[in-house]
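Visitor: I would like to see how the labels used for this model follow from their cut-offs. Please start with the model itself.

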Amino acid sequence: MLGGIITNMFKKLNIFRRRPRKSTPSKEDTSRVFRVKYSWFKELLASNTEVLNIITDMGEKLEGRQIFGMSYVRAKSTRAVFHTFRMVKCLNTLSNNKYASLYDVLGKINEKIKKELGKRKEIPLTESVLPYSGVTREMVDWVGGKSANLGEVYNRVKLPVPQGFAITTHAFDSFLAHNDLVDEINKRKMELDPDDPETLNRVSEEIQRLIILARVPAELENAILWAWGRMVEATPPMGSTGSFPRVSMRSSAIGEDSELSYAGQYLSSLNVPSDKLIQTYKYIVASLYTPRAISYRLNKGIRDQDTAMSVACIQMMESVASGVIYSRHPFNLLEDNIIITAVWGLGPYAVDGPITPDNYTVAKDEALSILETNISHKPVQLISSPGGGLVEVPVTMDKQDRPCLSPEQVHTLAGYAVKLEKHFGCPQDIEWALDSKGQLFVLQTRPLRVESPEKDGLKQTVPRLTGYPLLVENGAVAFPGVGFGPAFHVRSEEDLLSFPEGAVLVAEHSTPKFVVVMQKAQAIVTDSGSATGHMASLAREFAVPSILNARVATAAISPGTNITVDAYSGRVYQGKVPELLAIQTSREPHMKDTSVYQTLRRVADLIVPLHLLDPKASYFAPHSCQSLQDIVRLVHEVSYTEMFQISDLVSSKEGGAVKLHAHIPLDLYIVDLKGGLAGITEDVKKVTMDHIASIPLKALLKGMMHEDLRWREPRIDVKGFFSVMTEQMLSAPPGAGERFGDRSYAIISDKYLNFSSRVGYHYGVLDSYCGHNINTNYITFSFQGGAADDIRRNRRARAIAMMLEALGFLVEVTGDRVDARLQKHELPVIEEKLDMVGRLLQFTRQMDMLMSGEESVEGVARAFLEGDYHLDRK
């Protein structure tokens, strides 16, 4: 059972078993402990990001508009379990196996996932090649997305496509097995060192050489040449020379690595003659093992057995003209017209080349009216070279300024676009070609990804609309769409209880707790949050248009104001915007009626849902986890606490620290994990501010050294002073309490900080990660202690809580203890908040003496927030 296996793996890997403690650890021992704990924590955060990305991708597939197969479902499920296990392992390593029960919880969920995957019994494919006349979208696991789409277009949409065939994954498996390549590849991969790029390059070169020099089985070679012969029989000779047709051989990886294939990272060859088919096939298979592809699979936790290569072999047409069709505008969602581009010759210059294509805009009315025609000057074109590949040649003078298409041909292509969009249930990006006989062919079709053009460095998905007051822009889209309704501000859980039907939820932070009103909400807009976070996955599950990280939403949007949320471009308008509401069309996704979609739906139900919404609730525990995202949320949440306690490993008697010489009223010692200090030697004992390279520590110290707070003498209320002193004399045993001047510690890296501060009788601990990935950024802060009586300490705690809440922290007060957290903000915001916490640490020195009455709680908090650090206006 996976739980037992994982537990055994943990026992082998756990380096934090209890062992006799040395009385005086060496500098090297102390540094090693910190570095190892920090490395586990970074690994946990990396896997957290990976799982959230998988959940995001699954949410997109569950919209039913993209073709996928069981290879995708298996690969994503395996990868999600792998990264969840890695998070559980890291957490237990950090906590000395405190959460070992999570292994069994994960094992049970994994067994359910495997059971769902086992329900779908597939008939194994035995053909090495398949002509497009025998291919449909259900064969995507065997022939890849490119061939599956072309077969679907030909067989079900009944549109003309070029002659061609797919070399299947069965052929790939046969080729590897015939040459015992799987074992040989695995042997080479054992030599990989992820930290040594040289081994990656060497192993890649060796594996690719093995594949290229291997012999293709005679049966497979004959099948490929037979398929090419059948294509020749159905295709007239090319050009005036009567030469046999050539093919384009396009890579189409199956499984998780398919996203690299779509990114153009695998080899594709154009204009391949028949005598180069077999060798080119081996080159394409070998491209599975480029350094980039190997590194990608290693870092993403993808197994080689979850990846296979198919190859689309498509007849190279002697195109008179070619180009692209967008079944709607590719970036202006307000324009639902068909866009057609055209160039002379072969198609690459239609999307990327030295000429401007002809452009045609066609309405989607019954007549497919041509609304606009722009004919460009086209002096050159691409054609097939007799020796293979493509070559640029001049366009004859009489054609350089002529339209590539007649009005009738424009209407025909527009008709193709309408049929394809209707069949696939979403806008399409289509490649087409016109042959010498005047026939128009579909070369490829895929879902149209709305690409946002940039203006002043910002994405502009939908043009900004004039005539409507703009309240918010440049937010991050978590789920696209449009919502309209009155703004309802949610500041607490109590506000959720009164959330009205049809309102737009506006809040400072994104949180999974919003799930209770998602069925009522027209849209969600928050000042902060990540588009790949837990709340974002819930927004996709409930299909709620959502904009996160809008920064100014709560300030710019007044409660009760009717607003229109454009969750395509990240904007919010005041009032009702009919143009935006009109683009909310309902299309039936074409994948939802397939069995593979239903399998993904059932598997996703064990991965995607989030039930652990409230970290403070009693059910927020391992036994309540019902999905992988539940485990991920729990591990991510409690990992902060485990790292928060890292400063407990340090005491004033331990080595490994250097002292900071700076204008701050405490003795601060620094332990550098890696990259936190710059320009020092190993034997250095003291450092200055110039040596600080840690982003979070630098920001915290900036606040502590604020000119209005530097070495500020505490403001003393005489009555409060004597109350504090009396309390100490009566209640403190000899030697109790750590007073000002005791050591404080900062454990740092370039992006990480664990800061434990002893100021007077107060004790504060701060933990922060501050980088470019918004999902991993956070600040946790705890403050406790004091020299006064319980009442004054509680007043001080409530005053600090008011300050932190005003700064955007989630805060909890228990007696004289304050616990606060802020997470998932961009780097500049985290730096700004750390600056303010640094100021707060200085400001609160001996603040107990001012807490003489209830009015002082709000007064002191207001003074700090207004920058009155001398309390002149108290």
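Guide: Ser694 touches Gly675, Gly676, Ile748, Ser749, Asp750 and Tyr752, leaving aside residues up to four places away in sequence. The model is predicted, with local features needing pLDDT of at least 70 and side-chain atom pairs pLDDT 80 or more, while totals for chains, interfaces and linings use all residues. Residues are numbered from 1 along each chain as its sequence is written, and side-chain values use heavy atoms, without hydrogens or water.

Visitor: What makes a touch count as a contact?

Guide: Contact means heavy atoms within 4.5 Å.

Visitor: Why is Ser694 called buried?

Guide: Buried means under 20% relative accessible area, exposed over 50% and partly exposed in between, with a 1.4 Å probe and protein chains only. Ser694 has 0%, so Ser694 is buried.

Visitor: What lies 2.9 Å from a polar atom of the Ser694 side chain?

Guide: The backbone oxygen of Ser749 does. Ser694 itself sits in the loop between β26 (686–687) and α21 (695–704); helices (H or I, at least four residues) and strands (E, at least two) are DSSP runs, numbered from the N terminus.

Visitor: Why do Cys426 and Cys625 count as buried?

Guide: Cys426 has 4% relative accessibility, under the 20% limit, and therefore counts as buried. Cys625, at 8%, is buried because that value is also under 20%.

Visitor: What makes β18 and β19 a pair?

Guide: Strands pair if DSSP finds at least two bridges between them. Three bridges join β18 (residues 482–489) to β19 (residues 504–507), so the two strands pair, and they run parallel. His489 stands opposite Val506 in β19.

Definitions and conventions. Polar contact = N/O pair within 3.5 Å; in protein donor to acceptor, adjacent residues only side chain to side chain.
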